[in-house]
Amino acid sequence: MADLLGSILSSMEKPPTVHNQESRRKAREQEARLKKMEEDEKRKKAEFRKKMEKEVSHFIQDSTQKKKKYKPMGKIERSILHDVAEVAGLTSFSFGEDEESRYVMLFKKEFAPLDEELEAYRNGEEWDPQKAEERRKLKEQAALEMEASSHAQKRPVSPNSNYRDKYSHLIGTSAAKDAAHTLEANQSYGCVPVANKRDTRSIEEAMNEIRAKKRLKKGEEEAASSGSNV
């Protein structure tokens with residue numbers, strides 16, 4: 001019986017000590033603080049959404065405004081504004097290089113930005129339609145000039161006149177044809193006659209051969225002259 005009573009007493013929860021009571025109190029206080037922070041966060045989000053809905057409504061009703069730029073804001077605020085803009089039927093974009101400088105721009109559907117305008121905002125530049133039109137015209141002019149230059153380089157070059165026509169009044173039509181034929185370019189030897197290119201004799205050998213031909217011709221003329229005098 002004593003053993004049974006002792007077992008029951010040992011299984012019962014011991015009364016909390018002073019240390020345990022303090023820990024539980026702190027835990028309850030921390031839980032209460034977290035709950036209050038969550039409630040405050042929800043309240044702030046709801047208030048911000050209500051404010052953005054009011055501003056977006058005024059923007060839509062103002063016919064003089066085509067776009068609206070907001071100051072830099074946090075990621076949660078940007079998300080809420082994008083959601084409000086989508087519900088209202090607007091186009092919205094976020095721009096900025098880092099988290100601290102990112103902002104939201106709203107555009108009415110009928111004035112949605114072109115790619116060039118978006119590129120300017122992404123580069124941190126102000127959009128100027130007049131300057132953009134000037135750049136577009138310069139690009140078109142440069143493209144036309146490049147195309148014209150490309151066509152000019154591909155066009156075949158033709159001689160201003162024909163060789164035979166140019167010299168026919170000086171040497172005659174047939175002679176001009178012969179001269180033109182003689183000077184036709186050879187694939188391997190240029191404008192020099194092929195036979196001369198294949199002559200492997202030295203200059204001295206060629207000169208000796210020419211002198212020998214002259215002496216032979218002179219001897220034949222003298223013999224013919226002597227025969228006629230007899």
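A salt bridge here is a side-chain nitrogen of Lys or Arg within 4 Å of a carboxyl oxygen of Asp or Glu. The model discussed below is predicted.

Q: Which residues are linked with Lys36 in a network of salt bridges?
A: Let's start with two of the pairs. Arg43 meets Asp40 in a salt bridge, at 3.8 Å from N to O, and Arg43 also forms one with Glu47, at 3.3 Å between the closest N and O atoms. Together with Lys36, the network links Asp40, Arg43 and Glu47.

Q: In which helix do Arg43 and Glu47 both lie?
A: Arg43 and Glu47 are 4 residues apart, about one turn of the helix. Arg43 and Asp40 are 3 residues apart, also about one turn. The helix that holds Arg43 and Glu47 is H2.

Q: Is Arg43 buried, partly exposed or exposed?
A: Buried means under 20% relative accessible area and exposed means over 50%, with partly exposed in between. The relative accessibility of Arg43 is 41%, so Arg43 counts as partly exposed.

Q: What is the N to O distance in the salt bridge of Arg25 and Glu22?
A: Arg25 and Glu22 lie in helix H2, residues 18-61, and are 3 residues apart. Arg25 is partly exposed at 33% relative accessibility, and Glu22 is partly exposed too, at 34%. Their side chains meet with an N to O distance of 2.2 Å.

Q: How many salt bridges does the count come to?
A: Side chains of opposite charge can pair when their charged atoms come close. With the 4 Å cut-off for nitrogen and oxygen, the count comes to 9.

Q: How far apart are the end C-alpha atoms of helix H3?
A: Helix H3 covers residues 75-88, which makes 14 residues.

Q: Within what arc do the buried residues of H3 fall?
A: The buried residues of H3 are Arg78, Ile80, Leu81, Val84 and Ala85. Seen down the helix axis, they line one face, because they fall within an arc of 160°.

Q: What share of the residues in the protein is buried?
A: The protein has 9 helices and 3 strands. Of its 230 residues, the buried share is 13%.

Methods: Residues are numbered from 1 along each chain as its sequence is written. This is a predicted model: local features need pLDDT of at least 70, side-chain atom pairs count only at pLDDT 80 or more; totals for chains, interfaces and linings use all residues. Side-chain values use heavy atoms; hydrogens and water are left out. Helices (H or I, at least four residues) and strands (E, at least two) are DSSP runs, numbered from the N terminus. Buried means under 20% relative accessible area, exposed over 50%, partly exposed in between (1.4 Å probe, protein chains only). The expected span of a helix is 1.5 Å times one less than its number of residues. The arc is that of the directions from the helix axis to the C-beta atoms.
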